[in-house]
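Subject: Structure handover

Hello,

Here is the structure for your files. Please open it alongside this note; the findings follow.

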Amino acid sequence: MTNSLGPLRWYAGLAVVFFGIVPAVLVTLLVIDGKTPGQVGLLLIGGIPLVLAAIFFAVRGFAAADGPEQAARHLNLSMALVAGADVLLLGGNALIRMATGA
């Protein structure tokens, strides 16, 4: 039987960094610089807690002593939260930009 938890840990870690932290930082920098409509800043109110929750569950999945099923559940939840944050931050940014013509 193969251990599928190892690759899942890698994918969850990469997802949190590249699809969670990096987009949140980039959208924050766009808002701070004023290069995007001000309404995009409201998306950060929901997006940043989602990314923080994803980081929390990824760390719990990495350090889970309860067993591989519990660790996999935490890592899958982490990746789902990252996907939700991406939809909110990047999709919302695109929709607001299209609506305002910026």
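Ala-83 is partly exposed, with 40% relative accessible area. By the cut-offs used, buried means under 20% relative accessible area, exposed means over 50%, and partly exposed lies in between (1.4 Å probe, protein chains only). Ala-83 sits in helix 3. From Ala-83 to Ile-55 the C-alpha distance is 13 Å, at a sequence separation of 28 residues.

A word on the source. This is a predicted model, in which local features need pLDDT of at least 70 and side-chain atom pairs count only at pLDDT 80 or more, while totals for chains, interfaces and linings use all residues. Residues are numbered from 1 along each chain as its sequence is written, and side-chain values use heavy atoms, with hydrogens and water left out.

Overall layout

The protein has three helices and zero strands. Its elements run α-α-α from the N terminus. Helices (H or I, at least four residues) and strands (E, at least two) are DSSP runs, numbered from the N terminus. The C-alpha trace spans about 55 × 20 × 15 Å along its principal axes. Of the 102 residues, 33% are buried. Take the contacts between residues at least 6 apart in sequence: 76% of them join residues at least 24 apart. Contact here means heavy atoms within 4.5 Å.

Helix packing

Two conventions come first. Axes are lines fitted to C-alpha atoms, for helices over the stretch in contact, and angles run from 0 to 180 degrees between N-to-C directions. Angles under 35 degrees count as roughly parallel, over 145 as roughly antiparallel, 65 to 115 as roughly perpendicular, and the rest as oblique.

Helix 1 (residues 5-33) packs on helix 2 (residues 40-62) at about 160°, with the axes 10 Å apart. The two are therefore roughly antiparallel. Helix 1 passes helix 2 in a left-handed crossing. That term means the near helix is turned anticlockwise from the far one by less than a right angle; clockwise would be right-handed. On the helix 1 side, the contact residues include Gly-13, Val-16, Gly-20 and Ala-24. On the helix 2 side, they include Leu-44, Ile-48, Val-51 and Ala-54. By class, the residues of this contact are 13 nonpolar, five polar and one charged. Here Ala, Val, Leu, Ile, Met, Phe, Trp, Tyr, Cys and Pro count as nonpolar, Asp, Glu, Lys and Arg as charged, and the others, Gly among them, as polar.

Helix 2 and helix 3 pack at about 165°, and their axes are 8 Å apart. This pair is therefore also roughly antiparallel. Helix 2 passes helix 3 in a left-handed crossing. Their contact has 19 nonpolar, eight polar and one charged residues.

Helix 1 and helix 3 pack at about 25°, with an axis separation of 9 Å. They are therefore roughly parallel. Helix 1 passes helix 3 in a left-handed crossing. The contact of helix 1 with helix 3 divides into 19 nonpolar, four polar and three charged residues.

Individual residues

Pro-23 lies in helix 1. Pro-23 is buried, at 9% relative accessibility. Leaving out residues up to four places away in sequence, Pro-23 touches Phe-18, Asp-86 and Leu-90.

His-74 belongs to helix 3 (residues 68-100). His-74 is buried as well, at 7% relative accessible area. With residues up to four places away in sequence not counted, His-74 touches Phe-57, Arg-60 and Gly-61.

Gly-91 is in helix 3 too. Gly-91 is partly exposed, at 29% relative accessibility. The C-alpha atoms of Gly-91 and Ala-54 are separated by 18 Å, and the two residues are 37 apart along the chain.

Salt bridge

Side chains of opposite charge can pair when their charged atoms come close. A salt bridge is a side-chain nitrogen of Lys or Arg within 4 Å of a carboxyl oxygen of Asp or Glu. The count is one. Lys-35 and Asp-33 form a salt bridge through their side chains, at 3.9 Å from N to O. Both Lys-35 and Asp-33 are exposed.

Best regards
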